[in-house]
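User: I am new to this structure and should like to learn how to read it. Could we proceed feature by feature, with the general idea before each case?

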Amino acid sequence: MMNELLRVEDLHTHFDSDQGTVHAVDGASFGVNRGEIVGLVGESGCGKSVTARSIIRLEDPGRIVSGRISFDGRDLTRADEATLRRVRGEDISIVFQDPHETLNPVFPIGDQIAESVRIHDGGSSQGLLDFLGVPPFRNRTAWNRAEDRAVELMEQVAIPDPNGSAAEYPHEFSGGMRQRAMLAVALASDPNLLIADEPTTALDTTTQAGILRQIWTLRDQRDMGVLLISHDIGVVAQTCDRVVVMYGGQVMESGPVDEVLTAPKHPYTRALLECSPRNLGRDERVSTLEGSPPDAVGGHDGCPFADRCRLATSDCRSGDIPVVESDPGHRVACIETPADSRGTPTVAASGQPRNVVAPDGGDEK
Amino acid sequence: MRASPANDGGNDETRHAPVAELRNVEKEFETSRSVLDRLLGDARSAKAVCGASLSISRGETVGVVGESGCGKSTLAKLVTGELTPDGGSVLLDGDSVGGYPTRTGGQLRRIGVVFQNVRESFDSRWSVGRSIAESFGHEQQPDERVDRIDDLLEQVNLDPQVGSRYPSELSGGQIQRAGIARALAHDPELVVLDEPVSGLDVATQATILDLLAELQRRHEIGYLFISHDLGVVRYLADRLAVMYAGEIVERGPARDVFERPSHPYTEALLRAVPSDDPTDPPPEPLPGSPPDPSNRPTGCPFHPRCPHADGQCERQHPEFKRVRTTQSRCHYADELADGTRTNNHGTDGERRPHRSDS
């Protein structure tokens with residue numbers, strides 16, 4: 001696809017542990033286009049964060065054993081450290097879950113944003129002594145420019161009174177404001193792709209709504225791609241254009257949110273949606289997923305969800321599971337691809353031919 | 001499953017006498033502790049809870065919701081006895097009680113607690129079983145203790161083997177279950193649950209909520225359920241109290257509060273919850289932040305953030321008003337519940353900029 005920004009192809013990231021090799025990401029494929037927000041959902045331990053870390057090549061102590069991560073035409077799995085440093089800083093930014101731990105407590109917020117601006121400021125010479133703040137070596141004009149830019153960025157992420165707040169320390173900020181400051185740090189380099197790993201999990205819902213709205217606005221202003229990782233289905237449903245559902249390190253289902261979250265085709269997606277206590281009628285019981293997520297040691301033979309799936313057959317437990325494209329851009333990795341939960345038959349079930357495509361979770365070709 | 005007939009009558013009274021009751025409790029914390037400040041009378045105090053009243057009976061779940069810093073956890077600590085109120089009274093079975101030191105052993109055993117950071121509430125050098133056994137009374141024999149630990153772990157659907165493991169070896173869901181088992185160890189009538197499912201993923205959350213509902217049915221325990229996630233509270237709560245800046249601003253049967261909020265703050269909280277259905281309108285943020293507890297605004301504490309506020313709200317602190325089945329601390333509660341009060345600031349109706357795909 002022309003405006004495809006990021007493409008993850010059959011990614012395998014492994015960790016070595018005392019119990020054996022952990023297949024944390026076990027053949028995940030998906031893509032993110034420019035100007036698109038893609039949600040990555042799944043239970044804890046399903047490989048969401050490891051996937052994100054693999055994309056910016058911070059998977060250590062894990063290792064990418066196979067697969068391809070292409071970003072804007074470059075293969076990041078083969079790039080050298082110098083290229084990666086550039087990509088990480090300038091093209092891909094990441095925002096982590098806990099803003100308490102990612103901001104330095106002993107520097108004012110404005111300085112931390114300015115530092116990030118300055119690091120990505122290619123136009124002026126930079127030296128270690130400059131960054132250490134040694135006065136004769138300090139490039140005053142460049143720093144002043146960076147500080148002005150920091151205030152501008154703070155304004156963009158809707159931090160009230162950016163001039164005053166720039167001099168404040170992280171502990172003087174509320175959780176939501178700290179997360180906004182982190183967004184400003186991430187945006188300092190004008191990234192093409194923003195990875196947000198559970199950006200609102202530690203926040204109140206009232207603040208969360210503000211941060212999510214901020215992410216849309218930034219996407220619209222900068223036409224950047226966003227990979228939003230969350231275990232909260234509501235957050236993904238309300239923010240994303242497309243969703244990738246992961247389980248056991250593999251992509252179970254992917255497609256436009258309107259389709260995947262309203263008419264899920266994969267039994268796992270359906271089970272996950274049924275778990276959510278929201279939108280439940282009175283006295284309806286929340287349904288629970290039996291069993292626990294699979295042990296990723298040694299990887300899986302067949303579908304990782306087979307042990308917890310109500311529809312599993314012996315075919316599910318061995319061999320490769322074909323990925324079926326039921327509607328354009330809506331892909332399901334399931335042998336059954338049964339009728340959806342609303343009782344209406346799926347396109348595939350109503351007799352239209354299914355196209356079996358390569359294991360892939362991206363948009364239409 | 002958990003509906004008590006009294007709730008349907010739209011009455012705050014339930015079939016049991018309350019196990020615990022808070023009457024106009026106040027709690028302040030000193031923000032500035034220096035001796036000089038005290039001598040000069042400059043010591044400022046932050047009001048964490050102001051005049052909150054609440055009761056919890058057996059077999060019912062009372063949900064307390066609000067943003068962080070609104071005093072939810074302080075309220076819970078006043079019930080459990082971790083804190084002593086500065087004003088008002090805490091009643092246990094009708095007897096006025098203070099903090100831990102003043103409570104009798106029997107009174108202490110009436111209440112179980114599941115703490116907010118469950119993993120940190122377990123001693124990392126003790127096995128889970130030993131931590132659970134610490135809650136037992138002294139009358140139990142050592143061999144009975146082992147059986148009792150196994151029994152408790154089974155009640156929360158954990159393998160009895162978990163008792164010999166250490167907190168760091170358990171997953172988020174398992175440690176939460178162990179925390180619940182420990183809270184049940186002394187057969188409490190009331191369990192205080194402080195954010196019991198926050199930080200857990202949807203699937204684990206569902207199993208914990210299901211377990212809590214099941215335990216309540218079996219033992220007829222009352223729950224004081226504290227959470228900032230309205231979706232979770234909606235599932236479990238029979239009655240709801242909405243807190244803002246240390247005050248309870250709305251209370252009533254949970255279903256009615258959710259369906260027809262009569263306080264603008266409740267309305268804002270509900271609008272901020274992202275719906276699982278992508279076709280629903282997007283969540284709306286509540287601009288601004290809660291007031292500084294040591295410098296509370298005059299009148300209604302919510303007026304600086306309220307889209308409906310006018311001069312009266314700035315001057316006069318609203319008292320509870322009865323609106324159908326709920327009670328609300330808002331001058332315009334009736335109009336809000338009917339939907340006839342219009343928004344002064346016109347911030348409503350802002351929609352998501354655009355969705356790029358079609």
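Analyst: Let us begin with burial. A residue is buried if 20 or more other C-beta atoms lie within 10 Å of its own. The model before us is predicted. In chain A, buried residues make up 50% of the 365 residues.

User: How many helices and strands does chain A have?

Analyst: Chain A has 12 helices and 13 strands. Of its contacts with a separation of 6 or more, 67% are accounted for by residues 24 or more positions apart.

User: Why is strand β3 of chain A largely enclosed by the rest of the structure?

Analyst: Five of the five residues of this strand, residues 37-41 of chain A, are buried, so the strand is largely enclosed by the rest of the structure.

User: Which strands does β3(A) join, and do they run parallel or antiparallel?

Analyst: Strand β8 of chain A, residues 225-229, is joined to β3(A) by four bridges and the two run parallel. Within that pairing, Val226(A) is the bridge partner of Ile37(A). Strand β9 of chain A, residues 242-247, is likewise joined to β3(A) by four bridges, and these strands also run parallel. There, Val243(A) in β9(A) stands opposite Gly39(A).

User: In what order do the eight strands of the open sheet in chain B lie?

Analyst: In chain B the order is β6-β7-β8-β3-β9-β10-β12-β11, and the pairing is mixed. The edge strands, each pairing on one side only, are β6 (111-114) and β11 (321-323) of chain B. On average, neighbouring strands of this sheet are turned by 20° against each other, direction ignored. As an example of one pairing, β10 (residues 247-253) and β12 (residues 326-328) of chain B run antiparallel and are joined by two bridges. Glu250(B) has Ser328(B) in β12(B) as its bridge partner.

User: Which domains does the assignment give for chain B?

Analyst: Domain 1 comprises 14-32 + 46-110 + 188-288, and domain 2 comprises 125-185. Their C-alpha centres lie 26 Å apart. Between the two, 10 residues of domain 1 of chain B are in contact with 10 residues of domain 2 of chain B. Helix α9 (residues 202-219) of chain B gives the most to the domain 1 side, with five residues. By class, that side has seven nonpolar, three polar and no charged residues.

User: How many residues does each chain give to the contact between chains A and B?

Analyst: Chain A gives 43 residues and chain B gives 42 residues. On the side of chain A, the elements giving two or more residues are α9 (205-222), α10 (233-239), α11 (257-260) and α12 (267-275) of chain A. Helix α9(A) gives the most, with 10 residues. The residues of this side divide into 16 nonpolar, 16 polar and 11 charged.

User: Where in chain B does pLDDT stay under 50?

Analyst: Where pLDDT is low, the predicted coordinates should not be read in detail. In chain B, pLDDT stays under 50 over residues 1-14 and over residues 345-358. Chain B averages a pLDDT of 84, and 88% of the residues score at least 70. The model scores ipTM 0.79 and pTM 0.83.

Conventions: Residues are numbered from 1 along each chain as its sequence is written. Chains are lettered from A and ligands numbered from 1 in the order in which they are written. This is a predicted model: local features need pLDDT of at least 70, side-chain atom pairs count only at pLDDT 80 or more; totals for chains, interfaces and linings use all residues. Domain bounds come from an automatic or database domain assignment. Two residues are in contact if their C-beta atoms, placed from the backbone, lie within 7 Å. Ala, Val, Leu, Ile, Met, Phe, Trp, Tyr, Cys and Pro count as nonpolar, Asp, Glu, Lys and Arg as charged, and the others, Gly among them, as polar. Two strands pair if DSSP finds at least two bridges between them. Axes are lines fitted to C-alpha atoms, for helices over the stretch in contact, and angles run from 0 to 180 degrees between N-to-C directions. A residue is buried if 20 or more other C-beta atoms lie within 10 Å of its own, exposed if 12 or fewer, and partly exposed in between; C-beta atoms are placed from the backbone. pLDDT is the predictor's confidence in each residue, from 0 to 100.
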